Amino acid sequence: MRDPFSAFDLPDALLRGLDKLGFNEPTPVQRQVIPLANAGADLLVTAATGTGKTLAFLLPMLRRFLATPAPRKGIRALILVPTRELAYQIQDHFLQVASFTRLTAGVIVGGVAASHQVNALRRNPDILIATPGRLLDHLERGATDLGDLEFLVLDEADRMLDMGFAPDVMEIIQTCNEERQSLLFSATLSRGGLQSFIDAALRDPHRVQVDSHRAAHPDVRHRRLLADDLEHKHRLLLAYLTQGEGEAAGKILIFTNTRERATALGNFLMGNGQRAASLHGELDQPERVRVLNLLREGRIRVLIATDVAARGLDVPGMDLVINFDVPRSGSDYLHRTGRTGRAGAVGLAITLVSPPEWNRMESIERYLQLDLQPLTLPGLEGRFRGPSPSRSAGKKPQPKVLTAPTAKAPKVKDRHRDRKNIGKRRQPSAPTATAGAEAGFAPLKRQPEPGKGQP
Ligand code: ADP
Ligand code: MG
């Protein structure tokens, strides 16, 4: 054992929890973050998905809470996350690693009844794991407060920005105890708006960077499959899934750029005998859990999702990720393809590229310094073979940098006004985004998250 967890001065109870999980060696991000966090530093951490960030913040937090009994009554740590799934995944990690302690955690997310949450909040769990929208509702109603907070974690901060949570997150930060330690995690630092989180939440943060955000996962083979049009894509996909490599693959995640296409593709695949289901941001929580369980149990093998729906998903053992549509940005490409090839296994990512998508695919390749290997299915080649040499010869590769999908740019105006109204109830028409249906909070009806309605 090269560098065991015991080097981090963790109490026995946590070492036993890690043992139970079968983890005996920290990941690189854990190795870097835990000692700094133990020393009390505020941290700004960038690391790709699947690198073990959850324990990187849970372990120092739990260590501190076990060493010093709660000084006051309130919530000791808040973990803000962009999606419900991610909240439940973190709770899972907590339940396992803290199973030999008496520490408690509560989850506050949209899409479930608020009344149960109020009861859970009354019991003042040590740790609260929450999506911003619903937590803000509870804060505004006085169901809980963050005045005793010792730890604040912003997990997947870039995704929270993508999903339009910036105003809510900023409001929440303002209500947190100032005497706290804060850790911010993001897959990238290039997302516009991140600086305001950093300024508001962190004090003299240390920077921890594991992997450049542009580094594609080293254990993924990237390939492209040219298609003439949508109908050709359908034929190619079905053929691939039912022959050779594709047939042999276990769990497969297919991305589309819009919800409508996800649903249509799901219907097409099911109609052609594939065990498939589509997942989109609109499904309510029980439905999402049900679909994910079908996949985990192997009752379906193909899951079709949009970028929004797939955020924070952690389904182990994805063998293959297929981009049915070329993603909108390099970071979306990384997030999508980072879902295969986890934990030492080599994964495969295939992107279907039609003529109008060619340029976008090229700029993603340039941006990520990736070279997608061509894949052809004998007998199913189309007319499209990439741009003609004469055209591409005259076109110098531009050092164009892909940034966050511009369509999801946060609305600064709304944010400013919201911030001025801290503590006041929002009007029913307040254009604030939250995660998912706010069941149980009928009086304060909010608009759906911005990413959801988008293609
Ligand atoms: P991230 O938040 O960086 O995307 P997670 O914290 O969700 O990553 O961890 C990704 C996966 O790796 C999870 O399934 C987690 O249980 C596993 N994992 C985390 N730390 C370790 C470790 N030290 N050893 C082995 N597996 C780990
Ligand atoms: Mg994570």
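Which helix gives the most to the shell around ligand 1? Helix α3 (residues 53–67) does, with 3 residues. Helices here are DSSP runs of H or I with at least four residues, and strands are runs of E with at least two, numbered from the N terminus.

This model is predicted, so local features need pLDDT of at least 70 and side-chain atom pairs pLDDT 80 or more, while totals for chains, interfaces and linings use all residues. Residues are numbered from 1 along each chain as its sequence is written, chains are lettered from A and ligands numbered from 1 in the order written, and side-chain values use heavy atoms, without hydrogens and water.

**View 1. Residues around ligand 1.**

View 2. One ligand oxygen atom is 3.0 Å from a polar backbone atom of T51, and an oxygen atom of the ligand is 3.2 Å from an N or O atom in the side chain of H93.

**View 3. The open sheet of 7 strands.** With parallel pairing, the order is β3-β4-β2-β5-β6-β1-β7; strands pair if DSSP finds at least two bridges between them. β3 (105–108) and β7 (206–210) stand at the edges with a single partner strand each, so one side of each has no neighbour in the sheet.

**View 4. Strands β2 and β4.** Strand β2 (residues 77–80) and strand β4 (residues 127–130) run parallel, joined by 4 bridges. A77 has I127 in β4 as its bridge partner.

How values were computed:
A residue is near a molecule or strand if one of its heavy atoms lies within 4 Å of it. A polar contact is a pair of N or O atoms within 3.5 Å; within protein, one must be able to donate a hydrogen and the other to accept it, and residues adjacent in sequence count only if both atoms are side-chain atoms.
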